[in-house]
Amino acid sequence: AKHLPLLVACSFGLLKSKYAHASALSSIISLHDGNFDQTNVGEWAVEFYAPWCTHCRQLEPIWIEVANKLGKEGSKVKIAKLDATLNPTSAKHQKVKAYPTIQFLRDGVTIAEYGSHARDKESISKWILSLETKSHKSSTKESRAGRNSGDRRTSNKQTDEGNRRKNSENHDDRDLENIRQLLEGLIRKAPIFACALSTIFGGFAGIVVGILLGVAWAIHAKKIA
């Protein structure tokens, strides 16, 4: 009876360990010839293995650790494995010639194959994340370039509209100035016109011309104001 608490603690620890191992395995997708076309969408890190391979058995717990690490870091890369001995069609399609083989696939295309002899959690995780990050940065850079290009087009369009508006205003100012100068010239010459018309039609015509020119100038001055 006195050993009962110790037995319970050991049993609980064993169950917790098995549960954690099962949970980690559930995050690794098991691929086969029938569902390998899943890799046509998204980014995948796939381990091709053989059950009798000693190096594959050594890699199994490390592959689980890699899946856990990438999951905690928010990676979108799917971690998978495929028994190449039971699924020769997929293995042949991927040109797998040795075990274990780890490949990085993006939308069904093999981007890279892990070639390092360092089969530890940190090395493999870093390799996978470097490929995912490269893809993400490329996408972000293109998106940012597109936004900058759109901003430049908008800015240029606004500048062109401002220039057209300014040119139109300058043209209107020049027209008004020309009219003002014309009327001023007519007013300055009003006495001459008045004398000439007075000679032809009498003094009343000169007075009429002076009045008309005065009215015209008053209207023009009001428009300018």
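Predicted model: local features only at pLDDT ≥ 70, side-chain atom pairs only at ≥ 80, totals over all residues.
**Conventions.** I number residues from 1 along each chain as its sequence is written. Local features need pLDDT of at least 70 and side-chain atom pairs pLDDT 80 or more, while totals for chains, interfaces and linings use all residues; side-chain values use heavy atoms, with hydrogens and water left out.

**Confidence.** I looked up pLDDT, the predictor's confidence in each residue, from 0 to 100. The protein chain averages 75, and 50% of the residues score at least 70. Residues 3-24 fall below 50, and this stretch has 3 contacts (heavy atoms within 4.5 Å) beyond near neighbours in sequence.

**Strand β3.** I took helices (H or I, at least four residues) and strands (E, at least two) as DSSP runs, numbered from the N terminus. Strand β3 spans residues 78-83 and is largely enclosed by the rest of the structure, because 5 of its 6 residues are buried (under 20% relative accessible area, 1.4 Å probe, protein chains only). I count strands as paired if DSSP finds at least two bridges between them. β1 (residues 29-31) pairs with β3 in parallel over 3 bridges, with Ile-29 opposite Ala-80. β2 (residues 43-49) also runs parallel to β3, joined by 6 bridges; Phe-48 has Leu-82 as its bridge partner.

**Gln-94.** I found Gln-94 in the loop between α3 (88-93) and β4 (101-106). Gln-94 counts as buried because its relative accessibility is 6%. Leaving aside neighbours within four places in sequence, Gln-94 is in contact with Phe-36, Phe-48, Gln-103, Leu-105 and Thr-110.

Methods
Buried < 20%, exposed > 50% of the residue type's maximum accessible area, 1.4 Å probe, protein only.
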